[in-house]
Amino acid sequence: MIEALKQRVNDDAGLVRRGKFLTTTFLLEVGATPWLISIFEGRVVSVTRGPFVMPSSSFALRASEEEWQKFWSRRPPPGSNDLLAMVRRRVLKTEGNLQIFMANLRYFKEALAKLRAGVSA
Amino acid sequence: MSAKFEPIIGRYMHLDLFGRPHRIYVEEAGEGTPLLCLHTAGSDGRQYRGLMNDARVTSRHRVIAFDMPWHGKSSPPAGWHEEEYQLTSANYTTMILEIMSALELEKPIVIGCSIGGRICLHLALEHPERFRAIIGLQAGAGLDPYYDLNFLHRPDVHGGEVCGAIVSGLVGPDAPDSERWETLWHYMQGGPGIFKGDLYFYKIDGDIRGRVAQIDTKRCPLFLLTGEYDYSCTPEETLDVARSIPGSEATIMKGLGHFPMSEDPQAFLNHLLPVLEKIAAR
């Protein structure tokens, strides 16, 4: 399912445009499963499933599978409807160079919400 | 198509605050019981456009919203370029009382959201006799920081973009897109470091958790309204405050978030109008 991110982000011309100055690789952990997601100038160029031996990433977003499933549900419940809501509840851990994450916060929020049920591919 | 004007009138008021001259933007609409509106951190009085444009409110109330100094169309005081802006409980309280006096508002109803909701709790505790009723929206007694506030004001993160993005998830899921993005636009327009400076009050200086139970609602009625999707001031936190203050009335607003009056004015009015009726009947 995480693989769908590539097409769903890249098909959104506005999101790609807003990410024009974003080139990075970040780590997304869904429970025990890590994913490396590479972005070049706003386009997702690869989504790779771990495990990895020595993953390099600018920052990492880590939450349990259950928490991500709530975030990716069609109508997330209060507290699961936004990355910062999950941060507030201490269920989403953010680590690494968070300047990249925060400078592009709208991009990352909107990109990860593309995995929500009901978002067309 | 002919132009159509809203009934809102805006003026600039010159007023000394904290011993310095200030130029403060004040909007109002309607006639009747004064209803003084306090905006959220990092935003401005435009958040109350829905109330000021609704005849059900303005037929009985003189609705007034000012932009706090450094916010919206109010200027920072001369010398600002050498200062770090930080809102404190004392300055916030003084500002509200001075502006009330300057506008000759006799016992207004005060309504405030977020930081405005927090200062409503301070006003209920320390100056209840100045108000006819106090309405705190998204009013929690305290909030520990849950992200690094420095990201709100540093040169390698665009201040407008990050302030809008920080609060975007605080808007409820059912808000009309036009009102949602109008609300976020206000955040994107804030001056550098202003949202952060307001949050100094919200997350540090203005913490009233230890004293909130001392509020006496016999001296001034207190109503608390909080949106279901607010994770900055959660419904649970509002209900906790309400439980600790005998006589206070709490409403949890389904589907709404942290900016009810701005993100979905029509849905919000369904909750506010009965409160205004109750206050009028007292």
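**Close-up views of a predicted two-chain model**

**View 1. The open sheet of chain B.** In this predicted model, eight strands of chain B form an open sheet with mixed pairing, and their order across the sheet is S1-S2-S4-S3-S5-S6-S7-S8. The edges are taken by strand S1 (9-17) and strand S8 (249-253) of chain B, each of which has a single partner strand, so that one side of each is left without a neighbour in the sheet. Averaged over the sheet and with direction ignored, neighbouring strands are turned by 20° against each other. Chain B as a whole contains 10 helices along with its eight strands.

**View 2. Strand S5 of chain B and its partners.** Strand S5 (residues 109-113) of chain B runs parallel to strand S3 (residues 33-38) of chain B, and four bridges join the two. In this pairing B:Leu36 stands opposite B:Val110 of S5(B), while B:Leu38 stands opposite B:Gly112 of S5(B). S5(B) is also joined to S6(B) by five bridges, again in a parallel arrangement, and here B:Val110 stands opposite B:Ile134 of S6(B). B:Ile109, B:Ile111 and B:Cys113 point one way from S5(B), whereas B:Val110 and B:Gly112 point the other way, and all are buried. Because five of the five residues of S5(B) are buried, this strand is largely enclosed by the rest of the structure.

View 3. H4(B) lies across S3, S5, strand S6 (133-137) and S7 of chain B, and runs at about 140° to S5(B). The largest nonpolar core has 111 residues, and those with the most contacts inside it are B:Cys37, B:Val63, B:Val110, B:Ile134 and B:Val162. Helix H4 (residues 115-126) of chain B gives the most to this core, contributing six residues.

**View 4. Packing of a helix of chain A against a helix of chain B.** Helix H6 (residues 105-113) of chain A and helix H5 (residues 159-168) of chain B have axes that come within 8 Å and cross at roughly 35°. On the side of H6(A) the contact is made by A:Leu105, A:Arg106 and A:Lys109, and on the side of H5(B) by B:Glu161, B:Val162, B:Gly164, B:Ala165, B:Ile166 and B:Ser168. Sorted by class, this contact of H6(A) with H5(B) has four nonpolar, two polar and three charged residues. When residues up to four places away in sequence are not counted, B:Val162 touches A:Met102 and A:Leu105 as well as B:Phe151, B:Leu152 and B:Val157.

**View 5. The contact between the chains.** Chain B gives 17 residues to the contact and chain A gives 15 residues. On the side of chain B that touches chain A, the residues divide into 10 nonpolar, four polar and three charged.

**View 6. The loop around B:Ala213.** B:Ala213 is placed in the loop between helix H7 (194-205) and strand S7 (222-227) of chain B. With 14 other C-beta atoms within 10 Å, B:Ala213 is partly exposed, since a residue counts as buried only at 20 or more such atoms and as exposed at 12 or fewer. Apart from its neighbours within four places in sequence, B:Ala213 is in contact with B:Ser244 and B:Ile245. The C-alpha atom of B:Ala213 is separated by 37 Å from that of B:His14, and the two residues are 199 residues apart along the chain.

**View 7. Each chain as a whole.** Chain A has six helices and five strands, and its elements run α-α-β-β-β-β-α-α-β-α-α from the N terminus on. The C-alpha trace of chain A spans about 35 × 30 × 25 Å along its principal axes, and its radius of gyration of 13 Å agrees with the value near 14 Å that a compact globule of 121 residues would have. Buried residues make up 30% of the 121 residues in chain A and 52% of the 282 residues of chain B. Among contacts with a separation of 6 or more, residues 24 or more positions apart account for 62% in chain A and 75% in chain B.

Definitions and conventions. Residues are numbered from 1 along each chain as its sequence is written. Chains are lettered from A and ligands numbered from 1 in the order in which they are written. This is a predicted model: local features need pLDDT of at least 70, side-chain atom pairs count only at pLDDT 80 or more; totals for chains, interfaces and linings use all residues. Axes are lines fitted to C-alpha atoms, for helices over the stretch in contact, and angles run from 0 to 180 degrees between N-to-C directions. Two residues are in contact if their C-beta atoms, placed from the backbone, lie within 7 Å. Ala, Val, Leu, Ile, Met, Phe, Trp, Tyr, Cys and Pro count as nonpolar, Asp, Glu, Lys and Arg as charged, and the others, Gly among them, as polar. A nonpolar core is a set of buried Ala, Val, Leu, Ile, Met, Phe, Trp, Tyr and Cys residues joined through C-beta atoms within 7 Å. The radius of gyration is taken over C-alpha atoms; the globule rule is 2.2 Å times the number of residues to the power 0.38. Two strands pair if DSSP finds at least two bridges between them.
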